[in-house]
Amino acid sequence: MSSAGSSSPSGAPTSPVKILDIGAGTGRYSVALSHEGFDVTAVELVKHNIEILRAKHENVKTWQGDARDLHFLDDDTFDVTLLFGPMYHLHGEENKLKALTEARRVTKNGGIILVAYVMNEYSVISYCFKEHKWAEVAAKGGLTPDFHINATEEDLYDYVRISDIDNLNKKAGLERVKIISADGAADFMRRELNEMSEEEFKAFCDFQLAIAERQDLVGAGSHTVDILKVKK
């Protein structure tokens, strides 16, 4: 991506890449991207988070709003749109589809949308079995017969499988470039990672980078990042 101050092949200056960060929180990504020279707009639901973000960097344009309704933003505005938080907390296909459809609407034709999800099997293994909560979850109807989590509005997170993501993309009319496992096995072995030497930890990072796009492993990690292209 070209950032502020770049030039086209003819030597003429180009406009900075416009990035939308939906569910920006306190600006972890928005501020860093703005420092890199990108034209950044941040949308965040929680007012307190917006106030912290504004205090960090005045060049980030901010809106308080819901990922499912971006009526305050025009169609075909952004080159890149980030959905790095909302899909964790929006429950059910209908709500997720609204967020994905809104992201598509405000992203330019040919633009890119990056969407992060928290994965179903990671939660089943780490919470239901590793923390011995299976009986509690099963008793309240929190699992389907094939172990898909039935999250409710009272739960902080909602969990998906690759097949769920595929269905969302199809209904939203979005084309996948690639899907990656952002952290792989890291969340399954936090204690072991903290005990590693610097050399061993570097080797683990190299391992994760080497397998991040392995499609037989993508759904097994705690998170995925789906990279989508907008075609209108």
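**Entry 1**

I looked up tyrosine 122 and found a relative accessible area of 14%, so I noted the residue as buried. The model is predicted, and I read the values below with that in mind.

I then went through the aromatic rings. A pair of aromatic rings is described by the distance of the centres and the angle of the planes. The count came to seven aromatic pairs. In one of them, tyrosine 122 meets phenylalanine 188, with ring centres 5.2 Å apart and planes at 75 degrees; since angles over 60 degrees count as edge-to-face, I filed the pair under that heading. I placed tyrosine 122 in helix 5 (residues 120-129) and phenylalanine 188 in the loop between strand 6 (175-181) and helix 8 (190-195), so the contact ties together parts that are 66 residues apart in sequence. Phenylalanine 188 has 23% relative accessibility and therefore counts as partly exposed.

**Entry 2: Phe129 and Phe147**

I checked a second pair, phenylalanine 129 with phenylalanine 147. The ring centres are 6.3 Å apart and the planes stand at 45 degrees, so I recorded this pair as tilted. Phenylalanine 129 belongs to helix 5, while phenylalanine 147 sits in the loop between helix 6 and helix 7, so this pair links parts 18 residues apart in sequence.

Which nonpolar residues form a patch on the surface here? I found Phe129, Trp134 and Phe147, with about 300 Å² of accessible area together.

I also listed one aromatic cluster, formed by Tyr88, Tyr157 and Tyr159.

**Entry 3: Strand 1**

I turned to strand 1, residues 18-22. Four of its five residues are buried, so I describe the strand as largely enclosed by the rest of the structure.

Next I looked up its neighbours. Strand 1 pairs with strand 2 (residues 39-44) in the parallel sense, over five bridges. In this pairing I found leucine 20 opposite threonine 41 of strand 2. I followed the chain from strand 1 through helix 1 (residues 28-35) to strand 2 and noted a right-handed β-α-β crossover.

Strand 1 also runs parallel to strand 4 (residues 78-83), joined to it by four bridges. There, isoleucine 19 stands opposite valine 80 of strand 4.

Note on methods. Residues numbered from 1 in each chain as written. Predicted model: local features only at pLDDT ≥ 70, side-chain atom pairs only at ≥ 80, totals over all residues. Heavy atoms only, no water. Patch = residues over 30% accessible without salt bridge, like charges linked within 9 Å, V, L, I, M, F, W, Y side chains within 5 Å. Areas by Shrake-Rupley, 256 points an atom, 1.4 Å probe, with all protein chains shown as cover. Salt bridge = Lys/Arg side-chain N within 4 Å of Asp/Glu carboxyl O. Buried < 20%, exposed > 50% of the residue type's maximum accessible area, 1.4 Å probe, protein only. Helix = DSSP H or I, 4+ residues; strand = E, 2+ residues; numbered from the N terminus. Pairing = 2+ DSSP bridges. Right-handed = clockwise from strand over helix to strand, strands pointing away. Phe/Tyr/Trp six-rings, centres within 6.5 Å; stacked < 30°, edge-to-face > 60°.
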